[in-house]
Amino acid sequence: MQIKLHRWAAADHGRRFDDVYNFVSDPATLVVALQRVAGNAGARTAGVDGVTAVHVSMAGPEVFLDHVRSLLKTGTFRPLPVREKMIPKTGGKLRRLGIPTITDRVVQAALKLVLEPIFEADFQPCSYGFRPNRRAHDAIAEIHHLATAGYRWVLDADIEACFDRIDHPALMGRVRARVKDKRVLALVKAFLKAGIMTELGERNETTSGTPQGGILSPLLANIALSVLDEFFVEQWAAAGTGQQRRQRRAKGLATWQLVRYADDFLVLVHGNQEHVEDLRDQVSTVLATMGLRLSESKTRITHLADGVDFLGFRIVWKRKRGTDKWHVYTFIADKPVQALKRKIKSLTRRLSHLSYRETLVKINYIQRGWANYFKHAVAKHTFSHLQNFIWWRVINWVMRRNRMTWRAIQRWLRTPQGWQPIAFDGVELFKMAKVPVTRYRYRGTKIPNPWQPTPTSPPPTA
């Protein structure tokens with residue numbers, strides 16, 4: 001079903017899909033939707049009704065899905081307000097998550113299964129966040145490729161409260177451009193207008209935005225922000241071929257490219273600072289059509305010689321040590337390093353109630369995920385530093401907890417063959433410095449999605 005939807009959408013970009021509501025309420029679609037909801041890490045978190053995936057499993061998935069399908073088929077399904085959950089951000093601020101009920105999550109997942117193949121046919125290659133087969137590393141590789149080609153002036157943009165301020169009529173207009181089925185449109189609008197139950201128990205109406213935390217929210221955000229992608233793709237096409245773009249730059253004009261991951265994006269410019277300042281005004285105008293605006297305090301213009309942080313990485317154009325050649329390097333930014341240290345410190349507090357084995361399991365889990373994400377950067381030195389930090393943190397924690405001396409630690413871990421790894425009950429402390437650092441393979445602009453054959457595309461010329 002998804003393959004056919006995507007094929008039809010790609011074959012005719014002006015086609016509006018009708019009678020897709022039956023796909024949403026199809027038993028097979030709902031079974032897959034429940035599997036994805038139950039397999040998600042948030043399945044144990046309840047919405048305003050207090051029901052989790054465990055309750056659904058105990059009561060019987062078949063009974064639950066029959067009830068959901070009956071509500072959809074009779075048109076009596078009404079989403080409940082999302083439950084507000086405030087989570088801390090760096091800098092002491094809070095981010096608001098909206099947690100839907102299990103029933104609403106299943107219907108949202110079913111909607112996504114139907115809508116995503118349709119809109120993926122229209123999404124542009126410069127968008128990487130929350131899209132199938134695309135990841136943050138592709139965005140970083142694209143930045144590296146463009147910066148190497150001379151795109152070194154950067155508009156480091158931040159959209160102010162993006163998920164909270166998307167204009168509902170503008171968003172629904174973009175959905176209607178592809179979907180004609182009034183029942184599907186009504187379902188999407190119902191989720192947008194479902195409201196929020198605050199932590200104080202008060203219900204607030206949602207007149208704009210799509211609350212973070214819902215399964216459908218990232219797709220809707222990408223639909224809204226695709227207006228920005230289309231703007232830059234049109235300008236890139238207007239600049240002509242690679243030879244024409246070089247001629248344009250020879251005349252003192254600029255060329256530019258967008259790299260977007262969800263609501264975080266960079267505009268890389270082959271030109272000068274004045275060109276970037278003009279682009280900032282154009283970006284603000286485009287975003288205003290969706291009810292969005294750039295954050296004045298966080299949006300900045302910079303040069304890659306000064307470095308830019310994006311998705312946890314720091315990309316810098318700098319001179320290679322011992323030579324006169326300049327290259328683009330991808331390092332690990334300071335924020336994720338400090339965030340990792342805070343997590344390790346919280347697990348090795350003096351009053352921690354966890355056993356040694358449980359603590360090592362958690363520390364190893366955090367280390368492996370962190371190292372796998374950053375192993376494509378210039379990370380060997382950072383990995384070694386963090387391994388040393390974690391080793392000493394665990395050692396000091398054990399010494400305080402057992403009132404051990406350094407001499408006792410040496411008797412425990414030091415042998416004639418050298419220092420032995422820290423281990424408790426068969427669990428050994430993971431050594432981050434042994435993770436191999438490799439270059440991420442640049443996949444070009446035509447990254448295949450799950451519903452189309454793998455294309456063979458050469459890297460684009462800048």
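**Figure 1. Overall view of the protein chain.** The protein chain exposes about 23600 Å², of which carbon and sulfur atoms supply 52%; accessible areas come from the Shrake-Rupley method with a 1.4 Å probe, and for residues only the protein chains shown count as cover. This is a predicted model, in which local features need pLDDT of at least 70 and side-chain atom pairs count only at pLDDT 80 or more, while totals for chains, interfaces and linings use all residues. Residues are numbered from 1 along each chain as its sequence is written, and side-chain values use heavy atoms, with hydrogens and water left out. The secondary structure comes to 17 helices and 15 strands; helices (H or I, at least four residues) and strands (E, at least two) are DSSP runs numbered from the N terminus. Along the principal axes, the C-alpha atoms fill a box of roughly 75 × 70 × 45 Å. Buried residues make up 47% of the 462 residues, where buried means under 20% relative accessible area, exposed over 50%, and partly exposed in between (1.4 Å probe, protein chains only).

**Figure 2. Helix H16 and its cover.** Helix H16 spans residues 380–402, 23 residues in total, and reaches 33 Å from its first C-alpha to its last, close to the 33 Å expected at 1.5 Å a residue. The expected span is 1.5 Å times one less than the number of residues. Among the buried residues of H16 are Phe383, Leu386, Phe389 and Trp397. Their cover includes strand E11 (326–332), helices H14 (334–347), H15 (356–374) and H17 (406–413), and strand E14 (423–424); contact means heavy atoms within 4.5 Å. Just after H16, arginine 403 takes a positive phi of about 55 degrees.

Figure 3. Lysine 434 is placed in the segment after strand E15 (427–428). With 63% relative accessibility, this lysine counts as exposed. Lysine 434 touches Lys380 and Gln387, residues up to four places away in sequence not being counted. Between lysine 434 and phenylalanine 383 the C-alpha to C-alpha distance is 8.3 Å, at a sequence separation of 51 residues.

**Figure 4. Threonine 29 in helix H3.** Helix H3 (residues 27–38) contains threonine 29, which counts as buried at 7% relative accessibility. Not counting residues up to four places away in sequence, threonine 29 touches Met1, Phe23, Val24, Ala110 and Leu113.

**Figure 5. Arginine 105 in helix H6.** Arginine 105 belongs to helix H6 (residues 102–120) and counts as buried, with 7% relative accessibility. Leaving aside neighbours within four places in sequence, its contacts include Val37, Gly42, Thr45, Ile99, Pro100 and Ile215.

**Figure 6. Two alanines with positive phi.** Alanine 161 has phi near 50 degrees, a positive value in a residue other than glycine. Its place is the loop between strand E3 (153–158) and helix H8 (162–165), and at 34% relative accessibility alanine 161 counts as partly exposed. Alanine 262, also not a glycine, has a positive phi of about 60 degrees. Alanine 262 is found in the loop between strands E6 (255–261) and E7 (264–270) and counts as buried at 7% relative accessibility.
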